[in-house]
Amino acid sequence: MPKEAANSKLGEEISSSYHVSKEDRKAAFRSTLAYAKPHRWKFLLIFCCTMLVIAADLLQPYLVKIAIDDNLLIGKNDFGGLVLICGVYLVLSLISLAFTYIQNNLLQLTGQSIVGRIRKELFEHISKLSMPFFDRFQSGSLVTHVSSDTESLNQFFTQVFLSLVRDGMTLIFIIALMFHLDPTLAGYSMILLPIIAIIAIGFRSYMRKTYQITRTQLSRLVAFVAENLAGMNLIQAFHQQEEQDKRFTEQNTRYYKANLREVRTNVLFNRSFDILGNLSVAFLTYIGGMAVFNHTVEFGVLYAFITYIRQFFQPINSITQQWNTLQSATVSMDRLYRIFSIKPDITDADKPAAVRLPDVQGKIDYNHVQFGYQEGIPVIKDLDLHIRPGEMIGIVGTTGAGKSSLMSLLCRFYEVNKGSILIDGIDVRDIPQETLHRMIGLVQQEPFLYSGSIIDNVRLFDQTISREQVIEACTFVGADPLIQRLKDGYDTKLSERGSGLSAGERQLISFARIVVFQPKILILDEATANLDSHTEQLVQNALQVVSAGRTTLVIAHRLSTIMQADRILVMKHGEIVEEGNHTQLLEKQGYYDQLYRHSQGKQATGTI
């Protein structure tokens, strides 16, 4: 099975959290809470503010109870005492307002700081993962992890945490005040607790499954949209809009149904508590009213008790309303934990070789290399190749011959299965990856340009490279006249992937990068495949300039690109079947000769 067939398998496993073990879930929760440890003093201050707010809110009904029972009902008519109670009531309201403001702002500051750090470390972690990970993982799913999942964690710290602390402590204080007012009525109220627990437990597993389904469908929908936007030119060129619209509708419908299921579950769960709360108020009003008529309970106590029983359900409702956020955050914790748990397939050696970039000569040795993206399906078979410093090597062959794999192994995007690859006699596995990638310059068929100025795209946002160096490099490769024609010259802002430039202009900018960063080994992977003949000539001239003094490997479908190479390798089924310069290979009248005849529009003898 080729690597594309398994492209999204790992992504599906990580995007879905259907089979997360309890141990992994606990580990995910602990790893998330670890980000909160540096902010423990802020959380302590938030807790103190919350306690003051709760105390201020819960003392207000007790003040009304005092005004009713100790003043109004006994005919005391103490106007000064009532004014005092009103003043205290007002002060408590202001305290509640002030500390609620402080609490919410401090909580948002803390929560955003935590999630900002998680998002930063997640991006750094993903950027350090090896190429096999990106072969198997959909880019849209990664977007979901970086944006949507981290936002769920933000809601956990800024909403769920506050609800658990504030509403949990409110429940404890209300219960304490209810027992203080009347133990009998409080005892009746405690009958509600096991009923609440039964409802919560009954819904818990079902709600978790519901949120898992919704999050997975969202991840798949985002992945589908991202992939379609990236390949929109292909979709339009082959008039696939209707087919892709149909597939999008299917994905969107699944997400729509999952959302409806989530909403139905939420409404049923929350309304169950509403009904229970209303029945409880009615029941306690009846019990308390009879007690007032029998003069066993004061009216002020009944008023305060009914107020507290209503407040008793407010935090419960608040907690249940945050239940969906908690479930969503828990699923996000699981998903992010699994991403963070993935280790790079390729790591630096325990004792890396000390390599000085100025001393690199560019000698390359492939020693009996074997490689396959999947076990048992070799892409490169026992390849033995030795390249001299400064030599230009052309590599040709049909699709699937192993040409790009050869380059990917040299850059150590993948590890060889057997054999070794040496640069100046040092195994690439012993060279630190950062050093290795500075030694090798890579120009691909579709050079990637970032949203930003041409200056920043050439120096790749490295501020140690001056503007003058960038201009000199662009002039060196022949890109300066093209850039000067642009409205803002070198300060022209490019759109995503440099869509404001032609293919040739993008390639010339990628060549300018080579001049700026000065790698000793240059790889061109189909760099002229999409260029017209005039632009190809510009790029060819730039290639002659940048390849001087560098070991250069050129993968090409167009034989004109590599006709001047010192040596041309003809690959077929992962093996080098012919080798030599252009003239020597034509004299052999073999496979290269057939490719050349086809490229010239002539009838080849034999079959390619």
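Guide: Before we start, one definition: two strands pair if DSSP finds at least two bridges between them. Also, keep in mind that this is a predicted model.

Visitor: Okay, got it. So what's the order of the strands in the open sheet of 4 strands?

Guide: The order is 2-1-4-5, and the pairing is antiparallel.

Visitor: And which ones are the edge strands?

Guide: Those are strand 2, residues 380-387, and strand 5, residues 426-427. Each of them pairs on one side only.

Visitor: How many bridges are there between strand 1 and strand 2?

Guide: There are 5 bridges, with strand 1 covering residues 364-371, and the two strands pair in the antiparallel sense. If you want a spot to look at, find Tyr366: its bridge partner in strand 2 is Leu385.

Visitor: Which strands does helix 13 lie across?

Guide: Helix 13, residues 403-410, lies across strand 1, strand 2 and strand 4, and strand 4 is residues 418-423. The helix runs at about 115° to strand 1.

Visitor: Let's switch to strand 10. Is it mostly covered or mostly uncovered?

Guide: Mostly covered: 5 of its 5 residues, 551-555, are buried.

Visitor: Which way do they point from strand 10?

Guide: Thr551, Leu553 and Ile555 point one way, while Thr552 and Val554 point the other way.

Visitor: What does strand 3 do with strand 10, pair in the parallel or the antiparallel sense?

Guide: Parallel, over 4 bridges, with strand 3 being residues 392-397. For example, Gly394 has Val554 in strand 10 as its bridge partner.

Visitor: New topic! How many residues are in the largest nonpolar core?

Guide: It has 43 residues, and those with the most contacts inside it include Val396, Phe511 and Tyr592. Helix 18, residues 503-517, gives the largest share of this core, with 8 residues. There's also a second, separate core of 33 residues, and Ile364, Ala401, Leu409 and Tyr414 are among them.

Visitor: What about disulfides, what does the count come to?

Guide: The count is 0 disulfides. Take Cys49: the nearest cysteine sulfur is that of Cys48, 7.0 Å away, and a disulfide needs the two sulfurs within 2.5 Å.

Visitor: Is Cys49 buried or exposed?

Guide: Buried, because its relative accessible area is 4%, and the cut-off for buried is under 20%. Cys86 counts as exposed, since its relative accessible area is 53%.

Visitor: Last stop, the threonines. Where is Thr158?

Guide: Thr158 lies in helix 6, residues 139-181. It counts as buried because its relative accessibility is 7%. Its side chain reaches the backbone oxygen of Asn154 at 2.7 Å.

Visitor: And leaving aside its neighbours within four places in sequence, what is Thr158 in contact with?

Guide: Leu107, Gln108 and Gly111.

Visitor: Where is the place of Thr110, then?

Guide: Thr110 is in helix 4, residues 79-128. Thr110 is buried too, because its relative accessibility is 0%. Beyond neighbours within four places in sequence, Thr110 is in contact with His39, Lys42, Phe43 and Ile46.

How values were computed: Residues are numbered from 1 along each chain as its sequence is written. This is a predicted model: local features need pLDDT of at least 70, side-chain atom pairs count only at pLDDT 80 or more; totals for chains, interfaces and linings use all residues. Side-chain values use heavy atoms; hydrogens and water are left out. Contact means heavy atoms within 4.5 Å. Axes are lines fitted to C-alpha atoms, for helices over the stretch in contact, and angles run from 0 to 180 degrees between N-to-C directions. Buried means under 20% relative accessible area, exposed over 50%, partly exposed in between (1.4 Å probe, protein chains only). A polar contact is a pair of N or O atoms within 3.5 Å; within protein, one must be able to donate a hydrogen and the other to accept it, and residues adjacent in sequence count only if both atoms are side-chain atoms. A nonpolar core is a set of buried Ala, Val, Leu, Ile, Met, Phe, Trp, Tyr and Cys residues joined through side-chain atoms within 4.5 Å.
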